[in-house]
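Dear colleague,

Please find below the structure that I am handing over to you. My notes on what was found in it follow.

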Amino acid sequence: MQYIDNIIFLILLVAGFGLFGKSLLKIYRNIRLGHEINRSDRKSERWSTMARVAMGQSKMVKRPIAGILHVFVYVGFIIINIELVEIVVDGIFGTHRFLASVFGESFYSFFTATLEILALLVVIGVVVFFIRRNFYGVKRLTMKELFGWPKHDANWILVIEFALMMAFFKMNAADWVLQQRGLLHELGSFPISSTILGPIFSNFSDGFLFFTEKGAWWFHFVGILFFMNYLYYSKHLHIILAFPSTWYANLDKKGKFNNLDSVTKEIKLMMDPNADPYAAPAEGEAEAAPSKFGAEDIFDLNQVQLLNAYSCTECGRCTSVCPANVTGKKLSPRLILMKTRDRLEEVGRNIDKNGKFVDDGKKLLNDYITKEELWACTTCNACTEACPVLLDPLSIIFEMRRFLVMEQSAAPQELNLMMTNVENNAAPWQYNQADRLNWATEN
Ligand code: SF4
Ligand code: SF4
């Protein structure tokens, strides 16, 4: 019987991790559909940004209550899953609380007590988040754009985390009572479960307690595998992708836009009478040139932008500070990333089905993101400033606008007029340069 347990455990473990690996490979393949961008500069700054923002959650604690609760849930959940190591070893070799033999019994008691306190903090965090999300009416969490799957997803993950923590407490409480009865060797310290569940579990029979302990252990194990595989379908992918997203974040000053090398080169050629238009490109200049100006579909975005689409937590902090959204325009920076992810996933499914991408007659522009949304953006950067994981929805908006202007000449009339004025008058207004000081003339 013991061996059957071990074999089932191993099969589930391999299947769970195998499926998870497959999902990660799919995400990697999809991200690589974008074009490369060189973000390998300033490495030490990148490491420290990642440590500060993704690991240290520095931007989350700007809103202290929600931030600290988020830290509870995040840190608690990660550390508690260290326990997965113990579960795996116990599951494969049929041992009981394997880490006690590694840590020594007294440190193991400290370890299990710490895990219990962290688990309690996770429970407090998820309960508060559930109430806040569903009953407290925080505007950015109850907006129409979250109706349907995004809202269910956010709730499901809280329910799963709650259930996993409850299984953890039940397992420990049953274990503790069995240890008190001398039926198991005394290992670990369980201050929370023994206090809350111990008195209730003391009334149960030995057989039921063994069953509960084992059942909760299996539930916890299968639950972790399920959670891991659920991530692919969830905004909670950010618990993994926040790390690369912050590492590859744009470290330039906000407001600094990228110039197109091809355009810069053309202008230099025009301005320099000695330039040789047929000269071989200088080293580094020959980087893969985009096949078009700006972005019409996900293939035209860069890999960091596609990584951003997968990393969005859908928290809506960007949308809540977006002046366009606040004043009733159609634009929501959160939705820009959600739609980019939806389109990317659609393209991924197309590739899964056909072996390569087969034109489906759709594009990110118009089929997902409308011109109205794009032109509502003031390029103020409030969204990038607010994002807790340094995502950059503005860069996608910017690239799509670049496509509209440079490939389709489809800028709004007001902009065309302004651009003509800049070209002719070196100013956005329709006045001749010679008249530009007229405003100072006294009548
Ligand atoms: S940059 Fe655009 S999308 Fe971002 S907050 Fe400003 S107006 Fe909104
Ligand atoms: S872009 Fe950033 S701020 Fe906006 S919803 Fe996504 S994670 Fe939140």
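A residue is called buried when its relative accessible area is under 20%, exposed when it is over 50%, and partly exposed in between. Please bear in mind that this is a predicted model.

By that definition, Asp297 and Arg343 are both buried. The two residues form a salt bridge, with their closest N and O atoms 2.9 Å apart. Asp297 lies in the loop between α12 and α13, whereas Arg343 belongs to helix α16, so the pair ties together parts that are 46 residues apart in sequence.

Helix α16 also holds Glu346, while Lys362 sits in the loop between α16 and α17, so this pair links parts 16 residues apart in sequence. Glu346 is buried because its relative accessible area is 14%, whereas Lys362, at 31%, is partly exposed. Through shared partners, salt bridges join Asp297, Arg343, Glu346, Asp360 and Lys362 into one network. The whole structure contains 16 salt bridges.

Finally, ligand 2 is surrounded by residues including Cys312, Cys315, Cys318 and Cys387. Helices α14 and α16 each give two or more residues to this shell, which has seven nonpolar, two polar and three charged residues.

With kind regards

Key: Residues numbered from 1 in each chain as written. Chains lettered and ligands numbered in written order. Predicted model: local features only at pLDDT ≥ 70, side-chain atom pairs only at ≥ 80, totals over all residues. Heavy atoms only, no water. Near = heavy atom within 4 Å. Helix = DSSP H or I, 4+ residues; strand = E, 2+ residues; numbered from the N terminus. Nonpolar A, V, L, I, M, F, W, Y, C, P; charged D, E, K, R; others polar. Salt bridge = Lys/Arg side-chain N within 4 Å of Asp/Glu carboxyl O. Buried < 20%, exposed > 50% of the residue type's maximum accessible area, 1.4 Å probe, protein only.
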